[in-house]
Amino acid sequence: MGNNWIKRILALVLALMLAVPFFAMAEELVEKSAATKDGSSFYVAANSTVTLNVGQQIAVDPQGRTIKSVKSSRKKSVSINKSGVVTALSEGTSKLTITYTNRTKFVFKVKVVDPKKPSSVYFAEGATISIYAGQSKALTPHLSPSTAVTTYSWKTSKKKIVKVSGGVITGVAKGTAKVTVTTANKKKATITVKVLANKLDHLSPAPTAADINAIGRNWTVRLKSVEILGGGKVAVEFYLLNGLGTSKQVQNLYVDLWMGNIPLVRGTIKKINVKCGHNRSKVFKATFSGSQVLTSSLVLPQASNQRFRFKGLNGVLKYRL
């Protein structure tokens with residue numbers, strides 16, 4: 001009886017010694033498995049992750065082994081059949097297990113992404129953009145991946161500074177605001193919009209005597225600044241110069257302001273009371289809106305050789321910047 005137990009123990013030890021190399025060899029065989037995707041062959045390492053688009057397939061090559069069973073941890077996301085064909089069904093990550101008839105297993109993961117769903121969005125214009133008050137500009141959002149398709153919603157942090165509609169921003173007044181675009185799947189990008197004053201101030205050089213129009217005896221007018229305020233408004237500043245040192249009430253001052261051949265403002269200032277000393281001037285500012293403003297989206301040249309015309313009671317004031 002003692003000898004029989006010894007024989008059995010020796011037989012068990014011998015069997016284990018023979019089995020260890022067998023299983024080691026079997027495990028080694030499934031460290032990598034060949035697969036095909038889009039007509040190209042590649043190797044999938046055990047416990048690695050393969051990324052597929054929705055609807056894409058790969059075929060796992062058993063490499064001489066026979067598949068006994070297959071399993072997917074998320075069947076709604078990834079399916080696999082007994083031929084080793086893997087199909088990406090919907091977004092998500094699934095753990096796949098292939099069991100072969102030699103009792104070895106090959107395990108790997110499949111991550112499924114939707115190529116039409118944005119993973120991120122950004123502005124082609126960068127992080128910051130500058131425009132002038134009254135100026136409009138279309139922003140360009142870009143999606144990643146490039147195959148993504150979506151709809152957008154837009155928002156501005158300060159409507160009194162920047163308006164946005166359908167991706168077109170408009171400078172309303174000098175200042176800074178943030179404009180945000182959001183995709184249908186809630187991916188966001190923000191751009192800082194700086195609105196600059198759309199103004200020509202202290203027009204230089206000074207006008208010559210031929211540039212100055214008389215308004216009655218010894219009263220003259222000279223253009224000082226032009227500012228596009230946005231929202232269909234234009235502000236004009238001008239000097240009234242007094243040559244006699246007397247007071248005067250100017251009535252129905254007609255303003256006809258052009259930049260080159262572009263009409264900006266046509267309107268009437270009903271009454272101005274002027275009180276200033278001899279050879280002194282006083283600055284007046286008038287804001288025009290509505291039908292008086294002929295061009296409210298113009299960006300004034302900050303440095304150019306443009307000619308302005310300012311028409312008062314007695315003729316046209318021509319002024320070169």
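Analyst: The protein has one helix and 27 strands; both are DSSP runs numbered from the N terminus, with at least four residues (H or I) for a helix and at least two (E) for a strand. This is a predicted model, where local features need pLDDT of at least 70, side-chain atom pairs count only at pLDDT 80 or more, and totals for chains, interfaces and linings use all residues. Residues are numbered from 1 along each chain as its sequence is written, and side-chain values use heavy atoms, with hydrogens and water left out.

Buried means under 20% relative accessible area with a 1.4 Å probe, counting protein chains only. In soluble globular proteins, nonpolar side chains tend to be buried together.

Setting aside neighbours within four places in sequence, Leu300 is in contact (heavy atoms within 4.5 Å) with Asn198, Lys199, Leu200, Val226, Glu227, Ile228, Met259 and Leu264.

Zooming out, buried residues make up 36% of the 321 in the protein. Of the contacts with a separation of 6 or more, 58% link residues 24 or more positions apart.

Elsewhere, five strands form an open antiparallel sheet in the order S2-S1-S4-S7-S6. Its edge strands, S2 (40-45) and S6 (78-80), each pair on one side only; pairing takes at least two DSSP bridges between two strands. S1 (residues 32-37) and S2 run antiparallel over six bridges, and Ala35 stands opposite Phe42 in S2.

How far can you trust it? Mean pLDDT, the predictor's confidence in each residue from 0 to 100, is 79, and 72% of residues reach 70 or more. Over residues 20-29 the pLDDT is below 50, and this stretch has seven contacts beyond near neighbours in sequence. Residues 312-321 also stay under 50, though the model gives them 51 contacts beyond four places in sequence. Where pLDDT is low, the predicted coordinates should not be read in detail.

Technical notes. Buried < 20%, exposed > 50% of the residue type's maximum accessible area, 1.4 Å probe, protein only.
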